[in-house]
Amino acid sequence: MGESTNIVWHNSNVTKEERREKNQHHSFVLWFTGLSGSGKSTVANAVARALFDQGIGNYVLDGDNIRFGLNKNLGFSDDDRKENIRRIGEVAKLFVDSGQAVLTAFISPFQEDRDQVRTILGEDEFVEIFVKCPLDECEKRDPKGLYKKARSGEIKQFTGIDSPYEAPNRAELVVETDKHDIEECVQLVLNYLKERRFI
């Protein structure tokens, strides 16, 4: 893909800071990363509900849902996975600029790609949350039957089986879904956000 030319950035008449002030909360990205079946989407959506109930404007960007629309032209090669995460990072930044919290639930297997998203956001806008769960537990859960297909060779380049997953090396928060139930995981996230005075 070539880079766009003959374009000029236009600043908004309404600033991010003004939007935050009106919303009465910080805007930020909660980046949930982990293996398929680890509970990323479940935790992200439960946190989103808890934030919404507290009056915190937010939206969940889910890996599968995004591939139905924005990223439907991408496959699962390493290059396509990188582009998938790059696009999500840019969309997430727009949400932050609009004064909202955005929660992303993506395997996002490569540290380099997650770090790239971190760099396009402000220092106090990106929270990497490692949804930690052992591979064998994720395989037992196998909510979409994907591990079974990967083990049988029906799916190639499946993260955790024949494609690597690089666990975060500096996640702000780790939630272990094999040790804590959803409510406990949600509380861990909310406690972190309160400590940071994001909410």
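Is Asp-53 buried or exposed? Asp-53 is exposed, with a relative accessible area of 54%, where buried means under 20% relative accessible area, exposed over 50% and partly exposed in between, with a 1.4 Å probe and protein chains only.

The model is a predicted one, in which local features need pLDDT of at least 70 and side-chain atom pairs count only at pLDDT 80 or more, while totals for chains, interfaces and linings use all residues. Residues are numbered from 1 along each chain as its sequence is written, and side-chain values use heavy atoms, with hydrogens and water left out.

## Overall architecture

The protein chain holds 8 helices and 5 strands; helices (H or I, at least four residues) and strands (E, at least two) are DSSP runs, numbered from the N terminus. Read from the N terminus, the order of elements is α-β-α-β-α-α-β-α-β-α-α-β-α. The radius of gyration is 17 Å, close to the 16 Å given by the globule rule for 199 residues, so the protein chain is as compact as a globular protein of that length. This radius is taken over C-alpha atoms, and the rule is 2.2 Å times the number of residues to the power 0.38. Along its principal axes, the C-alpha trace spans about 55 × 45 × 30 Å.

Of the 199 residues, 43% count as buried. Among contacts (heavy atoms within 4.5 Å) between residues at least 6 apart in sequence, 74% join residues at least 24 apart. The accessible surface comes to about 11,100 Å², of which 49% belongs to carbon and sulfur atoms; the areas come from the Shrake-Rupley method with a 1.4 Å probe, and for residues only the protein chains shown count as cover.

## Charges and salt bridges

There are 28 positive and 34 negative side chains, and the centres of the two sets lie 2 Å apart. Lys and Arg count as positive and Asp and Glu as negative, whereas His and the chain ends are not counted; the place of a charge is NZ of Lys, CZ of Arg, CG of Asp or CD of Glu.

The whole structure contains 16 salt bridges, each being a side-chain nitrogen of Lys or Arg within 4 Å of a carboxyl oxygen of Asp or Glu. Three of these pairs are tabulated below.

| Salt bridge | N to O distance |
|---|---|
| Lys-16 and Glu-125 | 2.7 Å |
| Glu-125 and Arg-20 | 2.8 Å |
| Arg-49 and Asp-53 | 3.0 Å |

The bridge between Lys-16 and Glu-125 links distant parts of the chain: Lys-16 belongs to helix H1 (residues 16–23), and Glu-125 to the loop between helix H5 (111–120) and strand S4 (126–132), 109 residues apart. In the bridge between Glu-125 and Arg-20, the partners are 105 residues apart, with Arg-20 in helix H1. Glu-125 is buried at a relative accessible area of 5%, and Arg-20 is buried at 14%. Lys-16, Arg-20, Lys-93, Asp-97 and Glu-125 are linked in a network of salt bridges.

Arg-49 and Asp-53 both lie in helix H2 (residues 40–53), 4 residues apart, about one turn of the helix. Arg-49 is partly exposed, with a relative accessible area of 49%.

## Selected residues

Lys-93, a member of the network, lies in helix H4 (residues 78–97) and is partly exposed at 25% relative accessibility. Beyond its neighbours within four places in sequence, Lys-93 is in contact with Ile-120 and Leu-121. Lys-93 and Ser-27 are 66 residues apart in sequence and 9.7 Å apart in space, C-alpha to C-alpha.

Val-29 is found in strand S1 (residues 28–33) and is buried, with a relative accessible area of 0%. Leaving aside neighbours within four places in sequence, the contacts of Val-29 include Ala-92, Val-96, Leu-121 and Glu-125.

Which residues other than glycine have a positive phi? Ser-108 is one of them, with phi near 35 degrees; Ser-108 lies in the loop between strand S3 (101–105) and H5 and counts as buried at 3% relative accessibility. Arg-197 is another, with phi near 60 degrees; Arg-197 lies in the segment after helix H8 (182–195) and counts as exposed at 74% relative accessibility.
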